[in-house]
Amino acid sequence: MHDGWIWGIHFGWWIIWILLIVGVVWAINRAQSESTSSRSQRETPLETLKRRYAEGELSTEEYEERKKRLQRDQ
């Protein structure tokens, strides 16, 4: 008699847990995307260049060439 009622409650808890996990993942992704977009909005092109050089994305030659171009264009 109570089998359907118990199953309904059990299924309801699964839905709540799934929604909770999806919400947490969504919040983490949103926070990460906001932090990267806000960082790029605050950085000047020269600061971005310096950061990329410090992270090893650019060689010394690339860095110097781009730095000269940025300073010339300003």
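## Overall fold

Read from one end of the sequence to the other, the protein follows the pattern α-α-α, and its secondary structure amounts to three helices and zero strands, where helices (H or I, at least four residues) and strands (E, at least two) are DSSP runs numbered from the N terminus. This is a predicted model, in which local features need pLDDT of at least 70 and side-chain atom pairs count only at pLDDT 80 or more, whereas totals for chains, interfaces and linings use all residues. Residues are numbered from 1 along each chain as its sequence is written, and side-chain values use heavy atoms, with hydrogens and water left out.

## Surface and burial

Of the 74 residues of the protein, 7% count as buried, a class that means under 20% relative accessible area, with exposed set at over 50% and partly exposed in between (1.4 Å probe, protein chains only). The protein exposes about 6,600 Å², of which carbon and sulfur atoms supply 62%; accessible areas come from the Shrake-Rupley method with a 1.4 Å probe, and for residues only the protein chains shown count as cover.

A nonpolar surface patch is formed by Ile9, Trp13, Ile16, Trp17, Leu20, Val24 and Ile28, which together have about 710 Å² of accessible area. Such patches are made of residues with over 30% relative accessible area and no salt bridge, nonpolar side chains (Val, Leu, Ile, Met, Phe, Trp, Tyr) being joined within 5 Å and like charges within 9 Å. Ile9 lies in helix α1 (residues 3-42) and is partly exposed, at a relative accessible area of 37%.

Glu43 is buried, with a relative accessible area of 18%. Its side chain makes polar contacts with the side chains of Thr48 (3.0 Å) and Arg51 (2.9 Å), a polar contact being a pair of N or O atoms within 3.5 Å of which, within protein, one must be able to donate a hydrogen and the other to accept it, while residues adjacent in sequence count only if both atoms are side-chain atoms.

Glu43, Arg51 and Glu55 are linked in a network of salt bridges, each defined as a side-chain nitrogen of Lys or Arg within 4 Å of a carboxyl oxygen of Asp or Glu. Within it, Arg51 and Glu55 meet at 3.5 Å, N to O; Arg51 is partly exposed at 23% relative accessibility, and Glu55 is partly exposed at 46%.

## Other salt bridges

The structure holds five salt bridges, including one between the side chains of Arg52 and Glu57 (2.9 Å, N to O). Another joins the side chains of Glu65 and Arg69 (2.9 Å, N to O); being four residues apart in helix α3 (residues 60-73), Glu65 and Arg69 are separated by about one helical turn.
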